[in-house]
Amino acid sequence: MDIYERFKVGEPVNILTDEEYQNVCMPELRRSKTLCHRINLLDPFAPEVRTLLQELFEGRLPQSSNITPPLYIDRGKTVFIGENVTINEGFSTTSTGSVTIENDVMIAPHVSIVTANHDFGNHYIMRGKPVVIQKGVWIGSRAVICPGVTIGEGAVVAAGAVVTKDVAPHTVVGGNPAKFIKEAK
């Protein structure tokens, strides 16, 4: 099991002493943050942005999907984006545990997705959990999606929500922590 699979299943990893973390995750962190920095320095509509995004996502960003800079992604290798996805400016993710964004998702400005957390007893121990955003989801501005959350197909996350638990398909959630508001129509 490689380091990213270990994070996906929630295995504790000491980020100071784990050799695989140091040899695999840290170079990917440097690569991704450097590419994001280069993207963020460009005019958001410059053609080079698309080229650098493809490099960040290792050629996996569908032509039908769009991300507006600035963006902050710590590991492009672990982010998977489907068709017809729109991600507005200010998107940030710590994606060690992996982020999957399925088709037809809309993400408003300044949304954060977090896939890892530190141990309360030893802050150098990190655990990851994947985040999955299913088809047709709409996430409102400044929402925070926490580790291990799946947002069900067609759901809506209200602006400013802090999502700590799975969201049922075709529902609207909001608040901190996010709670059911109504069925999405």
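User: Start with His 110. Is His 110 buried or exposed, or in between?

Analyst: His 110 is partly exposed, with a relative accessible area of 32%. Buried means under 20% relative accessible area, exposed over 50%, partly exposed in between, with a 1.4 Å probe and protein chains only. This is a predicted model: local features need pLDDT of at least 70, side-chain atom pairs count only at pLDDT 80 or more, and totals for chains, interfaces and linings use all residues. Residues are numbered from 1 along each chain as its sequence is written, and side-chain values use heavy atoms, with hydrogens and water left out.

User: Where is His 110 found?

Analyst: His 110 sits in the loop between β8 (106–107) and β9 (112–114). Its phi is positive, about 60 degrees, although it is not a glycine. Most residues other than glycine have a negative phi. Helices (H or I, at least four residues) and strands (E, at least two) are DSSP runs, numbered from the N terminus.

User: What is phi at Asn 84?

Analyst: Near 55 degrees, again a positive value in a residue other than glycine. Asn 84 is in the loop between β4 and β5. At 42% relative accessibility, Asn 84 is partly exposed.

User: Which residues does the cis bond with omega about 5 degrees join?

Analyst: Pro 69 and Pro 70. Pro 70 lies in the loop between β2 and β3. The peptide bond from Asn 176 to Pro 177 is cis too, with omega near -5 degrees. Pro 177 is in the loop between β18 (171–174) and β19 (179–183).

User: Switching to helices. How do α2 and α3 cross?

Analyst: Helix α2 (residues 19–41) and helix α3 (residues 47–56) have axes that come within 10 Å and cross at roughly 170 degrees. Axes are lines fitted to C-alpha atoms, for helices over the stretch in contact, and angles run from 0 to 180 degrees between N-to-C directions. So α2 and α3 are roughly antiparallel. Angles over 145 degrees count as roughly antiparallel, under 35 as roughly parallel, 65 to 115 as roughly perpendicular and the rest as oblique.

User: Which residues make the contact?

Analyst: From α2, they include Leu 35, Cys 36 and Ile 39. From α3, they include Leu 52, Leu 53 and Leu 56. Contact means heavy atoms within 4.5 Å.

User: How many residues are in the largest nonpolar core?

Analyst: It has 38 residues. Ile 101, Ile 133, Ile 139 and Ile 151 have the most contacts inside it. A nonpolar core is a set of buried Ala, Val, Leu, Ile, Met, Phe, Trp, Tyr and Cys residues joined through side-chain atoms within 4.5 Å. Helix α3 gives the most to this core, with four residues.

User: What does Ile 133 touch?

Analyst: Leaving aside neighbours within four places in sequence, its contacts include Ile 101, Val 105, Ile 113, Ile 139, Ile 145 and Ile 151. A second, separate core of eleven residues includes Tyr 4, Tyr 21, Cys 25 and Ala 116.

User: How many disulfides does the whole structure have?

Analyst: A search finds zero. A disulfide is a pair of cysteine sulfur atoms within 2.5 Å.
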